[in-house]
Amino acid sequence: MLDGKELLNFDSKFIYESINWQNELPVKVIKVEMKKDNPDLIPPKHWHNCIEFIIPLNAKIKIWSDGETYVVNENEIGLINSKSIHTSDVIESRDIFKSIVIQIDLDYLSTLYSNFKNIYFNSNLTAVSQSKLSEYLLGITEAFDSSYTSMNIAIKGYIHLVVSTLINNQTMNREDNSYPICDNKRNNLTELLKYIDINYDQEIDIQMLADKFNFSYGHLSRLFKRQFGTTIKQYIMSIRLDRSMHDLVHTSMTITQISIKHGFYNTKSFRKEFKSKYDVTPYNYRKKFENDLL
């Protein structure tokens, strides 16, 4: 159930999901609709820097999160904590599986409640929480789909109600060993990934990253490779190429402009890296996409 999400899909123990927030909103609503036997309904184990709610509309699902498994019935709410490693599977479904996934930015939530990043919520929702969150999440979904000018205010109002419900009804202590790597290191990695996502188009030195986020050069390189299945340089290049691909398809920018925008030294370097990953040149990729639309 990763439809609509940007996933760094490397062969690793678990992977970090980088979420692109849209229209300056601290929330993302994804409507999933797939055949029940689609293998994409079973995502790899991953984690992200947001609270996530999964609502199966015509199915029963099983969620695995930080070593614990729980069942979410049709039209109930599955809660996944920020930074929790998780995946899910379908237990029962009609032929076309349908669900709604709502993600809320942890940084925004922390502006509403200063200690939010240190709170862990019980995924076993009380009846009161199920009822209230169903109402508020439906409100977020309807506002997200609308075009009225005050929808931003409406969404943030519902988020306030979601936060109040979670804090009043679902708060619990997190055990120190909940994560495969300690919270401090995970938080540092999260901040490092956010830094790269913002500055990927600049020249990024690994030693600078190590110093900035309190790692030694060697430890950071080994930890990053172990956790994400790729090197830091490969990760940065993957972001540059993914963002470049988007502009090739959705803008009229020249290939030279795109290569400069996304941090390549020159067009030749961009062409070489793009062809190495996608087995097609940027020019031919754009042409193929244009022809497919005809």
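Is E17 buried or exposed? E17 is buried, with a relative accessible area of 1%, and it is one of several residues that this report follows through a predicted model.

## The protein as a whole

The model described here is predicted, and its secondary structure comes to 10 helices and 11 strands. The protein has 294 residues, of which 47% are buried.

## Buried residues in and between strands

E17, the residue of the opening question, has its place in the loop between β1, which covers residues 15-16, and β2, which covers residues 27-35. Although E17 and N49 are 32 residues apart in sequence, their C-alpha atoms are 8.1 Å apart in space. H46 belongs to strand β3, made up of residues 46-47, and with a relative accessibility of 2% H46 counts as buried, because buried means under 20%. A polar atom of the H46 side chain lies 2.8 Å from the backbone oxygen of P44.

I80 has its place in strand β7, and its relative accessibility of 1% means that I80 counts as buried. The C-alpha atom of I80 is separated by 6.1 Å from that of I51, a residue 29 places away along the chain. When neighbours within four places in sequence are left aside, the residues in contact with I80 are C50, I51, E52, I54, I63, S65, Y70 and H86.

## How helices α7 and α9 meet

Two packed helices are described by the angle between their axes and by the distance between those axes. Helix α7 spans residues 232-250 and helix α9 spans residues 267-278, and their axes come within 11 Å and cross at roughly 95 degrees. The two helices α7 and α9 are therefore roughly perpendicular to each other, since angles of 65 to 115 degrees are counted in this way.

On the α7 side, the residues that take part in the contact are M237, S238, L241, D242, S244, M245 and L248, and these meet F270, E273, F274, K277 and Y278 of α9. The residues of this contact divide into 7 nonpolar, 2 polar and 3 charged.

## From α9 into α10

D279 lies in the loop between α9 and α10, and with 63% relative accessibility D279 counts as exposed, because exposed means over 50%. Helix α10 covers residues 282-293, and Y283 is found within it. At 48% relative accessibility, Y283 counts as partly exposed. Y283 and T254 are 29 residues apart along the chain, and their C-alpha atoms are separated by 9.5 Å.

Most residues other than glycine have a negative phi. What is the value of phi for D279? The phi of D279 is near 60 degrees, which is a positive value in a residue other than glycine.

N75 also has a positive phi without being glycine, with a value near 65 degrees. The place of N75 is the loop between β6, residues 68-72, and β7, residues 78-80. N75 is partly exposed, with a relative accessible area of 45%, whereas D279 counts as exposed.

Key:
Residues numbered from 1 in each chain as written. Predicted model: local features only at pLDDT ≥ 70, side-chain atom pairs only at ≥ 80, totals over all residues. Heavy atoms only, no water. Axes fitted to C-alpha atoms, helices over the stretch in contact; angles between N-to-C directions. Helix = DSSP H or I, 4+ residues; strand = E, 2+ residues; numbered from the N terminus. Parallel < 35°, antiparallel > 145°, perpendicular 65-115°, else oblique. Contact = heavy atoms within 4.5 Å. Nonpolar A, V, L, I, M, F, W, Y, C, P; charged D, E, K, R; others polar. Buried < 20%, exposed > 50% of the residue type's maximum accessible area, 1.4 Å probe, protein only. Polar contact = N/O pair within 3.5 Å; in protein donor to acceptor, adjacent residues only side chain to side chain.
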